[in-house]
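Please walk through the salt bridges of this model, pair by pair. Where does each partner sit, and how accessible is its side chain?

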Amino acid sequence: MKNILLLLTLSLVALPIWSQEVFTVVYATSDDGFVNVRSQPSMKGKVLTKLYAFHHGLGSGVLRGRSGNWSKVSVGKITGWAYNKYLGTQNWYSGKGTTRLVAAKDNTPLYGEDYSDSGERPLFTTVGKGTIIADEYQEEGDYYVLITAHDYLFIPKKSVTVEHIQ
């Protein structure tokens, strides 16, 4: 009985970390360079859009959840299901850092690179309050920066909290 109570207590203490969503970018790993995003987690689901392979070292969708062999993903403003066999993931949270960035509010923005030289960074995606964004990042002015092979993602410092990990 004591072991069961100890296990239950430890589970409740760890639950807030386990239940937090981690920001994860997704991309296609299929030979043809894309995976269909469907209306339901089934090959019979209507194709809503396509999720493409890496572009400049960055995936083109965001993981929103998992169910069996399928992942719920967002590509732009479309959310649907992609088959895990053809899906790769990329994130900036290893669990080994001494600090981590956590979204401070719902719809916390993550911006991409500005290739137009307009000075405006395009919106890549948003994440919900409490989402762990990264423990591998750099600082640049008013932003925290997530680095890929070629592109960068920018998170406004005012939109996140920095948690110190013990």
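E163 is partly exposed, at 29% relative accessibility; partly exposed is the range between buried (under 20% relative accessible area) and exposed (over 50%), with a 1.4 Å probe and protein chains only. Its salt-bridge partner is R100, with the closest N and O atoms 2.8 Å apart. A salt bridge here is a side-chain nitrogen of Lys or Arg within 4 Å of a carboxyl oxygen of Asp or Glu. The pair links distant parts of the chain: R100 is in strand β8 (residues 99-103), E163 in strand β15 (residues 160-164), 63 residues apart. Helices (H or I, at least four residues) and strands (E, at least two) are DSSP runs, numbered from the N terminus. R100 counts as buried, at 9% relative accessibility.

The model is predicted: local features need pLDDT of at least 70, side-chain atom pairs count only at pLDDT 80 or more, and totals for chains, interfaces and linings use all residues. Residues are numbered from 1 along each chain as its sequence is written, and side-chain values use heavy atoms, with hydrogens and water left out.

How many salt bridges does a search of the whole structure find? It finds three.

Take E140 and R121 next. Their closest N and O atoms are 3.7 Å apart in a salt bridge. E140 lies in strand β12 (residues 138-140) and R121 in the loop between β9 (108-111) and β10 (123-127), so the pair ties together parts 19 residues apart in sequence. E140 is partly exposed at 43%. R121 is partly exposed at 28%.

K157 forms a salt bridge with E139, at 2.8 Å between the closest N and O atoms. K157 is in the loop between β14 (152-156) and β15, E139 in strand β12, 18 residues apart. K157 is partly exposed, at 27%, whereas E139 is exposed, at 56%.
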